[in-house]
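Me: I have a model open here and want to go through some of its packing. Can you take my questions as they come?
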Amino acid sequence: MINTVEKKLPDGRILTMETGRVAREAGGSVIVRLGDTMVLATATMASTPREGIDFFPLLVDFEEKLYAAGKIPGGFFKREGRPSEKAILNARKVDRPIRPMFPEGFRNDVQIVVTPLSVDQENSPDVLAIIGASAALSISQIPFEGPIAGVRVAKVDGKYIVNPTTAQMKESSIDLVLAGTYAAVSMIESGADEASEDDMLEAIKAGHAVIKELIEMQNELVKKAGQPKVKVEVYKIDERVRKLVHEKAAKKIEAALCISDKDKQTVEFNKIQEEIKKAAAADAELSQILAKHPGDIKAVIEEIEYDAMRNMVLNTGKRVDGRGPKDIRQISCEIGVLPRTHGSAIFTRGQTQVLTVATLGSSGEEQRLEGLDLEETGKRYMHHYNFPAYSVGEVRPLRGPGRREIGHGALAERALLPVIPSAEDFPYTIRLVSEVLGCNGSTSMASTCGSTLALMDAGVKIESPVAGISVGLISEGDKHVMITDIQGLEDHLGDMDFKVTGTRKGITAIQVDIKIKGLSFDLIKQALNQAKEGRLYVLDKMEAVIAQPRADLSPFAPRVISFKINPEKIGMVIGPGGKMIKSIIEETGVQIDINDDGTVNITTNDHEAAEAAKKKIDDLTFEPKIGDVFNSEVVRIMNFGAFVDLPGGKDGLIHISQISPQRIARVEDALKLGDKVIVKVVEKDDMGRINLTLKGVTEEEKKRAR
């Protein structure tokens, strides 16, 4: 049976949710449609937990299918391969708000698959994916404690628009993706052009009002098509294990928590765990339990850590490393640390350390993106984040970037996007790479700070420095404490990771992950204000090392000459089969990139070669104007006048009447082949013919003759 609910948006668009037509074997399936954008979301659960699993295995996939946009994939195989960066980021947007909405101790595998079926280029599928995933879970038998919903919020001409069109987003100063329950906000992902904290809070409030309406829609769908929730076995640790750990190690665990050095702390916790395992080995019954569930000892240790850390913060206002709630760890900034790169910096905050390297390239080196957008797009500013195992003292094979690396890199990239100079002002492709050298919390914020320093070291004229800081939350009932600059343990055991980046003027990016059901507006306001205070402190530390971009680019960075030609002349520069542009490149050794709007970028470290290439292009595309003066050579003589050569291989005619102030009977009386003459353009007719004169050319004009 097909069941549908729908809602009319203020601008007349219809949002619909439908179930029962397709994917009937899935635990729950919903098609969400807005305009001509349609997204299928399915939710499926394994009937039993995997043996020995000690975490909740939730997997979210966002399957980009290019047929949704009427496109055939490029490449040899002509089918979609590994997910794009955008698909991974969309999957993370779905994952983060639904993950806290499952029962504690739930261990069954759950998979969410979101597939855009049709994309109209006006309504983005990412927000529909959040709604669809929640709706599919809500109508299924899976013990999901939702529903939740997601919206996008824009700010255009001072007004907040919820679920804007793509055209409206181009005019917006805020791009906010928001998710939440009926009562509170559970996820924030935002970019902004230096928005104020008050503006961001108002955008969140505007979005949450619509989230409530979308949740009501889902509740209506559940009434029509919802299935009873199954009672699943929630794993509970055996009380005998819990008793053993508390008796043998509770005090030691609490003491180890206060060791400020992360490496020494890890050694102590490993030692405690081994002592407990030895004690458990003497009890045959306990040994059998732990053989089946080997992670239980570590889980109980974490329970003790959890209670001790939180009680310390809530009751004393002190954190495990001795800091107060708003204290930031020691910061050091270094620039120019790598001699041959274009820009480099090391940003260290406590035991978190990130090396960021800036590399500048030609416009032709921008990344070409193929996705659900109708056009392939070019990306001239990129940030890549790497998290090697040694940064946390571990050993594991080096693989490609995972979802975490892609998400952290995208956040740091978005943080600096508003201050990156335009292609017109800075015609370079910019790549930043952040290498995490040490990790004890907030490496994405350290990457943001390191990126700012590396760009300024490279001489990139960013509009303002950008810094980032993370704010955590420890709450119990009505009592809560917010902590600035959370370390790894506080992130792991706390309730929130509220990351904010920005300049002194305002916010450029936000990413919020929580482990509780939601955040009130009061908590969000407090977090935004506390993050601003911390951000300004970090900016002070950064600007003490480098306050503004270096005056000159690195001597190892390429130089770019940028100018414009008539777009209609592009074909002349390229030539048949690219013959002309290839010959210029071979002769001069430069790199040449030409955009459709006629912008030409010449990239090289050889100034003379760049000027030579520019002259060749100027000559090819030359268009004489009335009044231009040239030093030319007579190349042909006719009865009615003489032809001279002009730049770009063109000829111009000096009519016999324009050769001399006095009347002459024959052209040869005044000119002969090979004569050098200074001529001025006096006329261009409709057929493009150029008429010149030798009369009336002033001494000043002769000096500037080309």
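Reply: Fine. One term before we start: contact means heavy atoms within 4.5 Å.

Me: Which residues does alanine 613 touch, not counting residues up to four places away in sequence?
Reply: Alanine 613 touches Ile584, Thr588, Val590 and Ile602. This is a predicted model, where local features need pLDDT of at least 70, side-chain atom pairs count only at pLDDT 80 or more, and totals for chains, interfaces and linings use all residues. Residues are numbered from 1 along each chain as its sequence is written, and side-chain values use heavy atoms, with hydrogens and water left out.

Me: Where is alanine 613 found, and is it buried or exposed?
Reply: Alanine 613 lies in helix H15, residues 607-620. Helices here are DSSP runs of H or I with at least four residues, numbered from the N terminus. Alanine 613 has a relative accessible area of 0%, so it is buried (buried is under 20%, exposed over 50%, partly exposed in between, with a 1.4 Å probe and protein chains only).

Me: What separates the C-alpha atoms of alanine 613 and leucine 411?
Reply: The separation is 39 Å, for residues 202 apart along the chain.

Me: Leucine 411 is in H9. At what angle do H9 and H10 pack?
Reply: About 45 degrees, with the axes 9 Å apart; H9 covers residues 403-416 and H10 residues 443-458. That makes H9 oblique to H10. Axes are lines fitted to C-alpha atoms, for helices over the stretch in contact, and angles run from 0 to 180 degrees between N-to-C directions. Under 35 degrees counts as roughly parallel, over 145 as roughly antiparallel, 65 to 115 as roughly perpendicular, and the rest as oblique.

Me: Which residues of H9 make the contact?
Reply: Arg404, His408, Leu411, Ala412, Ala415 and Leu416. On the H10 side, the residues include Met445, Ser451 and Leu455.

Me: Now the cores. How many residues has the largest nonpolar core?
Reply: The largest nonpolar core has 119 residues, and Ile112, Ile188, Met496 and Phe498 have the most contacts inside it. A nonpolar core is a set of buried Ala, Val, Leu, Ile, Met, Phe, Trp, Tyr and Cys residues joined through side-chain atoms within 4.5 Å. A second, separate core of 31 residues includes Ile237, Ala249, Val313 and Ile483.

Me: Back to helices. How far apart are the axes of H5 and H8?
Reply: The axes are 9 Å apart, at an angle of about 50 degrees, with H5 at residues 239-257 and H8 at 296-316. H5 and H8 are therefore oblique to each other.

How values were computed: Helices (H or I, at least four residues) and strands (E, at least two) are DSSP runs, numbered from the N terminus.
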